[in-house]
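Please read them with the structure open beside you.

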There are 2 protein chains.
Amino acid sequence: MDEIDPAALLAVALDEARRGAAEGGVPVGAALFGRDGELLGRGRNRRVQDGDPSTHAETSAFRAAGRRPHYRDTIMVTTLSPCWYCSGLVRQFGIPHVVIGEARTFSGGHDWLAGHGVRITLLDDPTCAELMAGFVRRRPDLWFEDIGEDPPARG
Amino acid sequence: MDEIDPAALLAVALDEARRGAAEGGVPVGAALFGRDGELLGRGRNRRVQDGDPSTHAETSAFRAAGRRPHYRDTIMVTTLSPCWYCSGLVRQFGIPHVVIGEARTFSGGHDWLAGHGVRITLLDDPTCAELMAGFVRRRPDLWFEDIGEDPPARG
């Protein structure tokens, strides 16, 4: 794994996020890779596209990878810090490494995962952060629906 | 909510679990209800049926309920203690109450949820426990795949 460039893996997740943005969806993308860098599955948040609140980017990539006997040799890559739902997925299935584009616009459960032995690579990528911040500004309704929170009161 | 019988809600989840068993799937069922007991969505684990590792019973019921602005007035009912993935779903979306059929065969994140203010009703229902224990005995391969763990070594 040491020789794999996390930024190259993130590019696949970012491409998914951009596709989501072009579809009018929540622009979060993810991909599941093997430890040698082979792509196992990729996906994006599909709340808007499919009317499906259960399909966050990480669950979408996980689903696309199909059934596997275990995940000990995988890497989850996501453009945004994983929410509790997606962090729970990582913990339950024993995914040992999560590469995160950014955690500025939203910080989910990645510190909790680190405390449970998951390797976290936080890239603080400005392109991911700008894509997300722009979406939150334009569509706070969708964003807060997607994380199950109330939008902040307007000042 | 006080007047709603949790066992009546569990019956819907148990019906889903039995359908899953009849299909050869992992026999865990769930349902999402409104606080007044109206059914919002129901579903079952679909790993085997759909080849989809992302569809646990709780995520299936959550998906079936469709998009909602929030979940503060909902109750998640599941035949089995929710794994970390499904516990993360409950926490992220602010589902305030989880009714659990049993936690004998598997105990996931329900204590963690209780520590974060989620009301937990653990029914310790023998029918749920027998359905699950029988499945774990017959198909340990499927069961341990479903929770991302290695089967115990045979003694």
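**Notes on the predicted model**

1. The UniProt annotation "domain: CMP/dCMP-type deaminase", from an unreviewed entry, covers residues 4-120 of chain A; UniProt positions are given in the numbering used here, feature names are shortened, and annotations may be inferred rather than shown by experiment. Across residues 4-120 of chain A the end C-alpha atoms lie 15 Å apart, and the span is 38% helix and 23% strand. Helices (H or I, at least four residues) and strands (E, at least two) are DSSP runs, numbered from the N terminus.

2. This is a predicted model, in which local features need pLDDT of at least 70 and side-chain atom pairs count only at pLDDT 80 or more, while totals for chains, interfaces and linings use all residues. Residues are numbered from 1 along each chain as its sequence is written, chains are lettered from A and ligands numbered from 1 in the order in which they are written, and side-chain values use heavy atoms, with hydrogens and water left out.

3. The same surface serves both copies, as 100% of the contact residues of chain A recur in chain B; contact means heavy atoms within 4.5 Å.

4. Helix 4 (residues 84-92) of chain A packs against helix 4 (residues 84-92) of chain B at an angle of about 170 degrees, with the axes 7 Å apart; axes are lines fitted to C-alpha atoms, for helices over the stretch in contact, and angles run from 0 to 180 degrees between N-to-C directions. Helix 4 of chain A is therefore roughly antiparallel to helix 4 of chain B (angles under 35 degrees count as roughly parallel, over 145 as roughly antiparallel, 65 to 115 as roughly perpendicular and the rest as oblique). On the chain A side, the residues that meet helix 4 of chain B include A:Trp84, A:Tyr85 and A:Gly88.

5. Within chain A, the axes of helix 3 (residues 57-65) and helix 4 come within 8 Å and cross at roughly 35 degrees. Here A:Glu58, A:Thr59 and A:Phe62 of helix 3 meet A:Tyr85, A:Cys86 and A:Leu89 of helix 4.

6. In chain B, the axes of helix 1 (residues 6-22) and helix 6 (residues 126-138) come within 11 Å and cross at roughly 20 degrees, which makes helix 1 of chain B roughly parallel to helix 6 of chain B.
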